Amino acid sequence: MSFAPWVVIVLNSIIGHSRWIDFFWIFVTSYFGYLLIISVVAYWILQKSENQNAYRNLLFIFCVMVLSSFIFTEGIHYFWYRLRPFLALSSIQVPYLQAGSSSFPSGHTATYFALALGMYQFNKGIGRWYLVGAGLIAISRIVLGVHYPSDIIGGIIVAYLSLVIVNKVFTYRLE
């Protein structure tokens, strides 16, 4: 067995033994990202009085997320199909209904790393916590048998490239 399926099988082996552990990973993969988005919006709204660029910064982060999630990730999914681990590997425990769309790259990872990298650009201290949160979401995708490690790496690369592109566009607009 190659490395990627082995990693998925090992991490997925914690599923199905405890309702609380299963609930934790399902919560992280399904809902924790929304908490990250809400907290980013709240942070920049609260920063408006101290930072006149707060809404511009929020727009920047959402542009990175849109480019990463809806343009690059969906574009790659359209041209390159990869079977998800829970469909390809018979030993995967599936604790909830999951989509059967392309596995590569991870859209959740691309979205939340885009958000985290955008926050990191403006506030490194808080951005580190968002990177931890995005990492937790990425790991949850492997634990639940939805993605291979390479899907996660692909999602991180997509998020980073989106950050670079949007940064160039915003810098160009400011000059």
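Guide: Start with angles. Axes are lines fitted to C-alpha atoms, and angles run from 0 to 180 degrees between N-to-C directions. Keep in mind that this is a predicted model.

Visitor: What makes α5 and α6 roughly antiparallel?

Guide: The axes of α5 (residues 107-122) and α6 (residues 124-143) cross at roughly 170 degrees. Angles over 145 count as roughly antiparallel. The two helices, α5 and α6, are therefore roughly antiparallel to each other. Their axes come within 7 Å.

Visitor: Which residues of α5 and α6 meet?

Guide: Among them are Tyr112, Leu115 and Met119 in α5, and Tyr130, Leu131 and Ala134 in α6. By class, this contact has 14 nonpolar, 5 polar and 3 charged residues.

Visitor: What is Tyr130 in contact with, leaving aside its neighbours within four places in sequence?

Guide: Tyr130 touches Leu36, Ser39, Val40, Leu115, Ala116 and Met119. Contact here means heavy atoms within 4.5 Å.

Visitor: Which residues have the most contacts inside the largest nonpolar core?

Guide: They are Val40, Trp44, Phe60, Ile61, Leu115, Met119 and Tyr130. That core has 35 residues. The elements giving two or more residues to the core are α1 (3-12), α2 (19-47), α3 (54-79), α5, α6 and α7 (149-174). A second, separate core has 6 residues, including Ile26, Val143, Leu144 and Val146.

Visitor: Where does Pro105 lie?

Guide: Pro105 is in the loop between α4 (85-88) and α5. The peptide bond from Phe104 to Pro105 is cis, with omega near -15 degrees.

Note on methods. Residues numbered from 1 in each chain as written. Predicted model: local features only at pLDDT ≥ 70, side-chain atom pairs only at ≥ 80, totals over all residues. Heavy atoms only, no water. Helix = DSSP H or I, 4+ residues; strand = E, 2+ residues; numbered from the N terminus. Parallel < 35°, antiparallel > 145°, perpendicular 65-115°, else oblique. Nonpolar A, V, L, I, M, F, W, Y, C, P; charged D, E, K, R; others polar. Core = buried A, V, L, I, M, F, W, Y, C linked by side-chain atoms within 4.5 Å. Buried < 20%, exposed > 50% of the residue type's maximum accessible area, 1.4 Å probe, protein only.
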